[in-house]
Each structure stands twice: as structure tokens, then as C-alpha cells.
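Please look over the protein chain shown here before turning to the notes, which are arranged by topic for reading alongside the structure.

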Amino acid sequence: STQPTLGVGQCSSALLFAILSPVGAYYPTGFKPVNLLADTRYVRAWPGGMGDTKCGGNYASTIKPQAEAAAKNCQQVLWLFGEKQQVTEVGTMNLFVLWDNEQGERELITAPLDGTILQGVTRQSVLDLTRTWGEFKVSERVYTMPQLRDALKSGRVVEMFGAGTAATVSPVGSVLYNDERLAVPLAEGDAGALAKRVMNGLFDIQYGVVPSHPWAPI
């Protein structure tokens, strides 16, 4: 606000700053697998709250759990919700899992927009891009950490990655859950094939390699 008074009321004048700067990889590891702590003690957001907004309160409460994750060699927290431990999102990105589901279908799954997670542009871009390929089922639905653990242990998970404005696309190498570190397959050494394909696909659109794409009009 730029109005010359302090008080509770509607703002009559304001100044908006847009600050632009070149950035490198969000994580110190670069485009390398990150380790996640699937936290069973803390809750990031609650239905009816502001978990789906860019609100400062969403981030302040995550600092302590994030420090605990770092002490366990994890770069981020994987937030769970409810008695069934629904998988929601990672601290800085939406989470995607490519697996063979319990019905035997190859599926790319991410948590639904239920008011507790951010409606990320990169999230939607990944969904739209992979749906145009038509190579596997793409779903926005509830799934739980016990289901993910069982799929990892039975070899049904193909790969996992996160997507976000800052993180772009980040492969996941492991999930620490109930003091058990669950390894995530990395078919190409430092990432899964789909994570690399999605990242390259998004960058090709951003940099104009894909001509006349509706997401990047020139």
C-alpha cells in the first residue's frame, strides 16, 4: 500500500513490483534425485483452509518439519493427510507417480485439487502434456502412502517426480517412511525416462523449439 495512512480498511493506492532474475536449479543437487520424508506427524493444510493459496502461513509452519527432514538426509517433506495418510504434495512441488496400479493399468497419478494443495501451473502443464501423448492413463485422484509403499515394495512403481514453478521437474530417488527408506526406480541413472521427457517437452515449448505452441505464442 502506498496510501499515507495506517488503518483497517480498503486500500486506495498501491504499487506492484515485478522482479525478474535468472535462476539456476532450485535444489543444490540440480537435476538429480531428491529424497523425501513422508511425514506422519505434521499436517501442512486442512480442508476449508488456505492450503491451495500462496499464503505465507502455509510456509511458516513447514520450516521445523523441513529442518527435521534435512537432518535425515531428505531434501523435502512429502505431506500426508488424514487417518489413511493420503499423499498430497511435496513442500515445493506437486508429486507425480508413474506406476502399474492395482488394476494392472499403467497410470500417472497425482493428488486431486481438493483445497489442500496448490493448483500449480506446472502441475497442469504436466497433466495436459502427458494426456496428449495418450500412452498411459493420467489420473487426479486420492491415493495413500500405504498404497505407495506397497507399490514400491512390489516393484509396481516405474518412477516418481515432482513438478513446480521453481523446481520445474525434479526426479525422486527415495521416500523415508516410518524410518524405512524406500528406493524409487531411476531407469536412466539420475532420473526416470518420463521425468526427462516431461522436462524436455516443457523446455522445448518455453524456448520455442516447438513452433507456434499455444502455451508460448510468439
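The structure is a predicted model, and every value quoted here is computed from it. Its largest nonpolar core has 25 residues, and strand 2 is largely enclosed by the rest of the structure, because 6 of its 6 residues are buried. A search of the whole structure finds 0 disulfides.

**Nonpolar cores**

- Within the largest nonpolar core, which has 25 residues, those with the most contacts inside it are L78, L95, M145 and M160.
- At least two residues of this core come from each of strand 1 (34–39), strand 2 (76–81), strand 3 (86–90), strand 4 (93–100), helix 4 (145–153), strand 7 (157–164) and strand 8 (168–177).
- Once neighbours within four places in sequence are set aside, the residues in contact with L95 are L36, L78, V87, V90, I109, T110, Y143, M160, F161, G162 and V172.
- Another core, of 17 residues, lies apart from the largest one, and L108, F161, V198 and I205 are among its members.

**Strand 2 and its partners**

- The side chains of strand 2 are divided between two directions, with Q76, L78 and L80 pointing one way and V77, W79 and F81 the other way, and all of them are buried.
- Strand 3 pairs with strand 2 in the antiparallel sense over 3 bridges, and F81 has Q86 in strand 3 as its bridge partner.
- Strand 2 and strand 3 form a hairpin with 4 residues between them, and G82 in the turn has a positive phi of about 80 degrees.
- Q85 is also found in the loop between strand 2 and strand 3, where it is buried because its relative accessible area is 18%, under the 20% cut-off.
- T144, which is placed in the loop between strand 6 (137–140) and helix 4, is in contact with K84, Q85, Q86 and V87 when neighbours within four places in sequence are left aside.
- T144 is itself buried, with a relative accessible area of 12%.

**Helix 5**

- Helix 5 (residues 193–206) has 14 residues and should span 20 Å at 1.5 Å a residue, which agrees with the 20 Å that separates its end C-alpha atoms.
- The buried residues in helix 5 are L194, A195, V198, M199, G201, L202 and I205, and because they fall within an arc of 160 degrees when seen down the helix axis, they line one face of the helix.
- The cover over these buried residues of helix 5 includes strand 4, strand 5 (106–110), helix 3 (121–133), strand 7 and strand 8.

**Helix 2**

- In helix 2 (residues 63–71), P65, E68 and A69 are the buried residues; seen down the helix axis they fall within an arc of 100 degrees, so they line one face of the helix.
- These buried residues of helix 2 pack against strand 1 and strand 2, whereas the face turned away from the buried side carries the exposed residues I63, K64 and A71.
- N73 follows helix 2 and has a positive phi, near 60 degrees.

**Cysteines**

- A disulfide is a covalent bond between the sulfur atoms of two cysteines.
- For C11, the closest cysteine sulfur is that of C55, and the 18 Å between the two sulfurs is too far for a bond.
- C11 is partly exposed, with a relative accessible area of 39%, whereas C74 is buried, with a relative accessible area of 2%.

- Most residues other than glycine have a negative phi.
- Q85 has a positive phi, near 60 degrees, although it is a residue other than glycine.
- N178, in the loop between strand 8 and strand 9 (180–183), is likewise a residue other than glycine with a positive phi, in this case near 50 degrees.

How values were computed: Residues numbered from 1 in each chain as written. Predicted model: local features only at pLDDT ≥ 70, side-chain atom pairs only at ≥ 80, totals over all residues. Heavy atoms only, no water. Core = buried A, V, L, I, M, F, W, Y, C linked by side-chain atoms within 4.5 Å. Buried < 20%, exposed > 50% of the residue type's maximum accessible area, 1.4 Å probe, protein only. Contact = heavy atoms within 4.5 Å. Pairing = 2+ DSSP bridges. Disulfide = S-S within 2.5 Å. Expected span 1.5 Å × (residues − 1). Arc of directions from axis to C-beta.
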